[in-house]
Each structure stands twice: as C-alpha cells, then as structure tokens.
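Dear colleague,

I am handing over the structure we spoke about, and below it you will find an account of what turned up when I went through it. Please read the account with the structure open beside you.

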Amino acid sequence: MSSGPPNILLLMTDQQRYDSLGCYGAAFAHTPNLDRLATSGVLFEHCYANNPICTPSRASLMTGKHILDHGVCQLNDHLSPEEVLFPARLRDLGYHTALFGKLHVAAGATESQSRHPNDGFDIYELCNEGSAHMDAPHQAYARWLEERDPAFYARLKTEGRGVTHVPNHLHMSHWAAERSIAFLEKERDKDKPFFCMMSVFEPHNPYEHYPKEMGGLVDRDAIPSPTARGDGPEPADIDRERHENYYADFDTLSSDDIATMRHGYHASVAYGDLEFGRVLKRLETLGLAENTLVIFTSDHGDMLGDHDLLVKGAFFYEPNVRVPLLMRWPQGIEGGRSVPGPVQLHDLAATILHAAGIADATVTAAMPDARDLLPMARGDVDEVHDGVFCCYRNSGMCAGHSDWDPPINATMIRRGRYKLNLWHDSGAGELFDLERDSMEQDNLWEVTEMKELRDYMVAQLDGWLARKSL
C-alpha cells in the first residue's frame, strides 16, 4: 500500500445529464464501466453545475469558484490570466500533470491558439471538439489524425460536424483514451504522483458522431419519451429558448426526430463508457488503481426534448443542470455508497487539492466557496452546503449563434427539497418541490400557501448575490 499522495484521474464528458447512466437508474443505458466505477466507489446523487453552458461551468470546475467570482459568464468569455487552475497548484506540489482533450475555460478559437498562463499542465494536448480549429497549434487530435489517416483528416476539416459516425479508431474519444493510456504506461514521471485529465466531446450535439456500431448497444424503443412540460405558469424566457435556441425551434421537430436525437445521445454515452473503460482497465493492470482517486463527471446536461426544450440554456430543470459525479479511491474512500446531499462542480477543485495534501487554509484562501467532498464520500458528514446555486448571465446563444437580445439573466437556488429559479429582468420565477414533483411539472411560484417559502428563498438568493457583488 502506497503511503504517498494519490494519483488523480479526472474523466470528463461534455453535456451529459445525470440520468444517462445505468447506475443513476437508466435501465436502457449501456454503461457497464462507469456503473462498475460507481459500484466500487461513491455516487453523488445531486451534483449541480455552476452554469448550464460549457465555458463558465468548466471555468468553475478548474478554478474552484462560482462564475461571479472568476468572471467567465458567457460561452466565449476568457478566464483572466490572473486566475489559477487547480492543476497548477498540483504541479507546484510535485505532481506530473497532463491534459488530453477538452479544457474550454476560454473561447475555443483563442484557447486552441494560446494557453492560459496558469493552466498547470506539463503535457497539454488540447481538443475541444474533433472538427474545430483543426489548423490551430494546440489542436492535438487534429495532428494525430492527420498522421494516422490524412484522407479522413482532410474530410473532417472540410465537412466539420457534417461527418457522422466517425470510425472508432479515428474518433476523438479514442485518441483521448489512447493518449491517456500512453501517459499511464510510459510517459508519466514515475517518481511523481500524476494528475491526468481525459476530457471528451461526447455526448454533445449534433448526436451523430458516435461510431455506427455503438447504436446497436442501446435499444431505441426502451428509451423513455421526453418529460412533458408543466401546465402551470412559466417564465417567458423559457419559451424564447424553446423557439429561438441555437439548435432548432422545438416545434419544427417531429416525435421521430426527438427519438432519433435521444437514441444518438445515449449511443454516444455508450461509446464514452467504452473508451473510459479501456483507461480504467489499464490503470488496474498497471497496479495503479489502489492509490488513484478517479473522478467522473460532466460540465452540464442536455434537455433532449424534456419540457419541449432542446440542448441547454437559460433554464434550470434537472436534466440541464444536474450531472453525474462518481468518485473512487480504494485507499481513501470505502466504496459502495450513494451520497444524497447536494454538491457542485467547483467543489471538485477543493476535493482534489485536499486529497493531494494541500493545507486546508491554502485551499480555502484560493477558493473559499468550494468544499472538500471527501468527508461526504466517507460518510463522515451528510452535507457541505446549505444551498447550491447555478447562475445564467446571458451565457448561451440563440438562433444565428448570437447573444440573446434582450439578454437573459437568471439564478437558481436549491435548498433541501425545494428549488427556486428567478429571472432577474422580468421578476418571473419557478418554485418546485423536488421530493413530490421530481419532473418539475408543477410550478408553485404563484401558489398562495407557498408564498412565505418563496419569499424566504428569494431573500436567500438575493443575499448570496449581494455577497458576491461586494
């Protein structure tokens, strides 16, 4: 048994909702490797993104801060060069650090051209999306693909997202797994603990990138139909998202279109599970699993037609903001547990740094709102937050891939069984009792008997925002 600090392996997907894995109750899913990780580790039942859009969410995860503290509020914002990503703190502690895949704490076009000065990676092989910025100096997958199959590289460069069903041996997720395995086998400094981040683009839209054979692993007919929208009052900005979001007007899609989308999404999830499984297996055969903290998560979810909504945006329904979070560390956590208390993605930075042995005071000074999740994973405490927050600050795009005009600004707070969502420009809101109404179809915002609770939660949200503005 090793007495040194743990190795750390962070496995990450893009746009993966919490209920897409077998271990979260998706009986139709084909996710044996991640389900096995959950069985041998700890499953966090209620992990929330800090923002439902890629760049702000990932900036929170990598800095340990809410978006109002690091300032990355929109898809193409840039993380300040003064901010420090947690791998830099690990490297200062003596870790050998590596990135294979998506980072996206800044606009993709910028990030693929120049690195953040405090990203902290000794090995930096970036690819935010397989077909994006293929000539950029930091698009490592494109360089690999160009060498492996020049003809397919040229096709992908020309057709972009129009290329469907990328073959397994040429896929970005396969590349990320191959590079992670090579790092584990021979490229890491064996005199140091390592931090390895394997971060893939799947199951992000347009839902047809998965190798074709993966579609046969998921029974299309077994995938549930979308959750219906509620009958009660609804903020007008949600309907704007329904008809003007960047992907499509919901009313232009047929039920078969939605079913095809949902099948492709879950086939992509199955493919990600396959590639993550290869890395986890190699970790074990190399004898590294016992003292490696493995974390699996995603940056936000995807509506997939639930509530008549598509992709992600300015709404806080569970499929959009709640993500899977699995954690395994045989030497530090007893496995086989589920943790119901609410946590957030920015907590992972503090958790990783605490596991690595960085002093509590140092972590708290750097990221005061982030909490170490290891005590929850061990069962020592039930909760580390009395409320969790998700902020949308005109973060995404509308039709035409432009900013929303007028802008949309909203904030979610969850405390206990209740979730309150407030749209700041209109004053409209939603209040859900998640224990009684897990599908969020009964908005209690205007129910007289709930007014006292609603006002209390609005005051709690306003107080939190006021502290963030100091």
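Four strands, in the order β9-β10-β11-β12, make up an open sheet whose pairing is antiparallel. At the edges of this sheet stand β9 (388-393) and β12 (429-433), and each has a single partner strand, so one side of each is left without a neighbour in the sheet. On average, and with direction ignored, neighbouring strands here are turned by 10° against each other. Please keep in mind throughout that this is a predicted model.

Within this sheet, β9 and β10 (residues 409-415) pair in the antiparallel sense over 6 bridges, and C391 is found opposite T411 in β10. Helix α15, which covers residues 451-468, lies across β9, β10, β11 (418-423) and β12, and its direction makes an angle of about 115° with β10.

The other sheet I would point you to is also open, and it is formed by 8 strands in the order β4-β3-β5-β1-β6-β7-β2-β8, with mixed pairing. Its edge strands are β4 (123-126) and β8 (337-344), each of which pairs on one side only, and the twist from one strand to the next averages 15°. Where β2 (residues 42-48) meets β8, the two pair in the parallel sense over 6 bridges, and H46 stands opposite P342 in β8.

Helix α2 (residues 54-63) lies across β1 (7-13), β5 (194-199) and β6 (292-298), and runs at about 170° to β1. Helix α12 (residues 347-356) lies across β1, β5, β6, β7 (322-328) and β8, and runs at about 175° to β6.

For the chain as a whole, there are 15 helices and 12 strands. Its radius of gyration is 21 Å, close to the 23 Å that the globule rule gives for 470 residues, so the chain is as compact as a globular protein of that length. Taken along the principal axes, the C-alpha atoms fill a box of roughly 65 × 50 × 40 Å.

The largest pocket holds about 460 Å³ of space. It is lined by 26 residues, and those closest to its centre are L75, H104, R161, H204 and M397. By class, this lining divides into 10 nonpolar, 10 polar and 6 charged residues.

The second largest pocket has a volume of about 350 Å³. Of the 22 residues that line the second largest pocket, R17, D19, T227, D306 and M439 lie nearest its centre, and both α10 (255-285) and α11 (318-321) supply at least two residues of the lining. The lining of this second pocket has 10 nonpolar, 6 polar and 6 charged residues.

About 120 Å³ lies in the largest cavity, which is lined by 13 residues, with G130, S131, V166, M172 and H209 nearest its centre. The lining of the largest cavity has 6 nonpolar, 5 polar and 2 charged residues. The second largest cavity holds about 80 Å³, and among its 14 lining residues G230, P233, E234, Y317 and E430 lie nearest the centre. Here the lining divides into 3 nonpolar, 5 polar and 6 charged residues.

E202 and P203 are joined by a cis peptide bond, with omega about 0°, and P203 is found in the loop between β5 and α9 (236-244). The peptide bond from N205 to P206 is also cis, with omega near 20°, and P206 lies in the loop between β5 and α9. V311, in the loop between β6 and α11, has a phi near 40°, which is a positive value in a residue other than glycine.

With best regards

Conventions:
Residues are numbered from 1 along each chain as its sequence is written. This is a predicted model: local features need pLDDT of at least 70, side-chain atom pairs count only at pLDDT 80 or more; totals for chains, interfaces and linings use all residues. Side-chain values use heavy atoms; hydrogens and water are left out. On a 1 Å grid over the protein atoms alone, a cavity is a set of points where a 1.4 Å probe fits but cannot get out, and a pocket is an open set with protein on both sides within 12 Å along at least five of seven lines; lining residues have an atom within 4 Å of a point. Grid points are joined across faces, edges and corners, and a volume is the space filled by probe spheres set on the points. Ala, Val, Leu, Ile, Met, Phe, Trp, Tyr, Cys and Pro count as nonpolar, Asp, Glu, Lys and Arg as charged, and the others, Gly among them, as polar. Two strands pair if DSSP finds at least two bridges between them. Axes are lines fitted to C-alpha atoms, for helices over the stretch in contact, and angles run from 0 to 180 degrees between N-to-C directions. Contact means heavy atoms within 4.5 Å. The radius of gyration is taken over C-alpha atoms; the globule rule is 2.2 Å times the number of residues to the power 0.38.
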